[in-house]
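User: I am new to this structure and would like a close look at one of its helices and at what surrounds it. Please take me through it step by step.

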Amino acid sequence: MIELPVIPVTPTQRRPDWLRVKLPVGKEYRHVRSLVDEHKLHTICESGNCPNMGECWGAGTATFMILGNICTRSCSFCAVATGRPLPADLDEPNRVADSVKLMQVKHCVITSVDRDDLKDGGSTIWAETINAIRRESPETTLETLIPDFKGQWDNLDRVLAVRPEVVSHNLETVRRLTREVRIQAKYDRSLECLRRISEAGLRTKSGIMLGLGETEEDVIEAMQDLYDVGVHILTLGQYLQPTKAHHPVIDWITPAQFDKYKEIGLKMGFKYVESGPLVRSSYHAEKHLFDMQ
């Protein structure tokens, strides 16, 4: 197999030109921006400095993070704070639902920190948030980017029971790098989580970051593993180091290599593959739903 080139990173090397982000523009974006500012609403799009915020907001898609902003895990790629979280906020489902209604979100993506400190892993808040959004905004479709619930599948079942339109759980990296990149996670546990989502008859989605030191063979193995457990939608994007304390970027993956992975994924049988340097989990999320109907 011929590998397309990647660009090894040196400590002083700047990001390549293809990672430059366009400034958000457009009427829909400005409308959402004004609502967020006026009502002090919180989205992970904004707090995470997502490069695609303008495009997603313009399409009526927004991502909310629930269960606080302190994670019980310490993945080397993630900028979310690690520590002892505050108790779950029982009113959070209603506040998120109010925000979705106020912003007139057409397609809502919900994610969360890992809450390994909670017996239910936060799954009750997950289910109540989905139900609250449906009560307030019955036309809004939902994608949930969920944790693995430590393999306690009764907690996963609690989320699957309310049947969001898309359920996503990110594999994040290849098998060989999992112990280095996702310290408390397990590659096969993530695959089992995704298998259970697919077997529940729900649209199943996962994502992988590239540039952490994986080879092309590593990536194709991970893609095949995801396809084999029933994943329908795959996202591939360039890893960007949040701070100097996080896992370094080992190489910049070229747009041509991302295109090659997309072609490979579609030939494998994935229904939808988003593959590009700036692709993130919720990128084109609304298309992942409607284009598959």
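Analyst: In helix α5, the residues Ser123, Ile125, Trp126, Ala127, Thr129, Ile130, Ala132 and Ile133 are buried, where buried means under 20% relative accessible area, taken with a 1.4 Å probe on protein chains only. This is a predicted model, in which local features need pLDDT of at least 70 and side-chain atom pairs count only at pLDDT 80 or more, while totals for chains, interfaces and linings use all residues. Residues are numbered from 1 along each chain as its sequence is written, and side-chain values use heavy atoms, with hydrogens and water left out.

Helix α5 covers residues 123-136, and its 14 residues reach 20 Å from the first C-alpha to the last, close to the 20 Å expected at 1.5 Å a residue; that expected span is 1.5 Å times one less than the number of residues. Helices (H or I, at least four residues) and strands (E, at least two) are DSSP runs, numbered from the N terminus.

The buried residues of α5 pack against β2 (61-66), α4 (92-103), β5 (107-112), β6 (141-145) and α6 (153-160), contact meaning heavy atoms within 4.5 Å. Three of these partners belong to an open sheet of seven strands in the order β2-β5-β6-β7-β8-β9-β11, with parallel pairing; two strands pair if DSSP finds at least two bridges between them. Strands β2 and β11 (272-275) stand at the edges, each with a single partner strand, so one side of each has no neighbour in the sheet. Neighbouring strands are turned by 20° against each other on average, direction ignored. On this sheet α5 touches β2, β5 and β6, and its direction makes about 165° with that of β5, where axes are lines fitted to C-alpha atoms, for helices over the stretch in contact, and angles run from 0 to 180 degrees between N-to-C directions.

How values were computed:
Buried means under 20% relative accessible area, exposed over 50%, partly exposed in between (1.4 Å probe, protein chains only).
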